[in-house]
Amino acid sequence: MPRIKSAIKRVKIAERNRLRNKATKAMVRALMKKVISLSSAYAANPQPETLQEIQAAMSAAFSRIDKAAKTGVLHKNTAARRKARLSRIVQRSLAATSAS
């Protein structure tokens, strides 16, 4: 443990930031899982209400991913990759329902 006052403060700040980053990453993962589960539910049983829920959940997930990238919690390429994967998953589920 540090003995210098400024080093003690840095330890506190680092811990605070670590917890904030951890919460942000958990929120991103939860929103991504929600989009994925909604899209798989829509693929199994297409409903217009589910489609609206998917759009709302996707918007929320994209917003949270962008904020995480802006604040430095996620790298910008990581954010872009996650958004692309989510888009691809939703597009595949929509294409599967329209094809059948």
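Student: Which residues in α1 meet which residues in α2?

Tutor: Contact here means heavy atoms within 4.5 Å. On the α1 side you have T24, M27, V28, L31, M32, K34, V35, L38, S39 and Y42, and they meet T50, L51, E53, I54, A57, M58, A60, A61, R64, I65 and A68 in α2. Some ground rules: this is a predicted model, where local features need pLDDT of at least 70, side-chain atom pairs count only at pLDDT 80 or more, and totals for chains, interfaces and linings use all residues. Residues are numbered from 1 along each chain as its sequence is written, and side-chain values use heavy atoms, with hydrogens and water left out.

Student: At what angle do α1 and α2 pack?

Tutor: Axes are lines fitted to C-alpha atoms, for helices over the stretch in contact, and angles run from 0 to 180 degrees between N-to-C directions. For α1 and α2 the angle is about 155°, with the axes 9 Å apart. That makes α1 roughly antiparallel to α2, a label used for angles over 145 degrees.

Student: And how do α2 and α3 cross?

Tutor: The axes of α2 (residues 48-71) and α3 (residues 76-99) come within 9 Å and cross at roughly 170°. So α2 is roughly antiparallel to α3. From α2, the contact uses L51, I54, M58, A61, F62, I65, D66 and A69; from α3, it uses K76, A79, R82, K83, L86, S87, V90 and L94. By class, there are 11 nonpolar, one polar and four charged residues.

Student: Which residues of α2 are buried?

Tutor: Buried means under 20% relative accessible area, with a 1.4 Å probe and protein chains only. In α2 the buried residues are T50, I54, A57, M58, A61, I65 and A68. Their cover includes α1 (5-44) and α3. Take T50: its relative accessible area is 14%, so T50 is buried. Leaving aside neighbours within four places in sequence, T50 is in contact with L38 and Y42.

Student: How many residues does α2 have, and what does it reach from end to end?

Tutor: The expected span of a helix is 1.5 Å times one less than its number of residues. α2 has 24 residues and reaches 35 Å from its first C-alpha to its last, close to the expected 34 Å. Next comes G72, whose phi is positive, near 90°.

Key
Helix = DSSP H or I, 4+ residues; strand = E, 2+ residues; numbered from the N terminus. Parallel < 35°, antiparallel > 145°, perpendicular 65-115°, else oblique. Nonpolar A, V, L, I, M, F, W, Y, C, P; charged D, E, K, R; others polar. Buried < 20%, exposed > 50% of the residue type's maximum accessible area, 1.4 Å probe, protein only.
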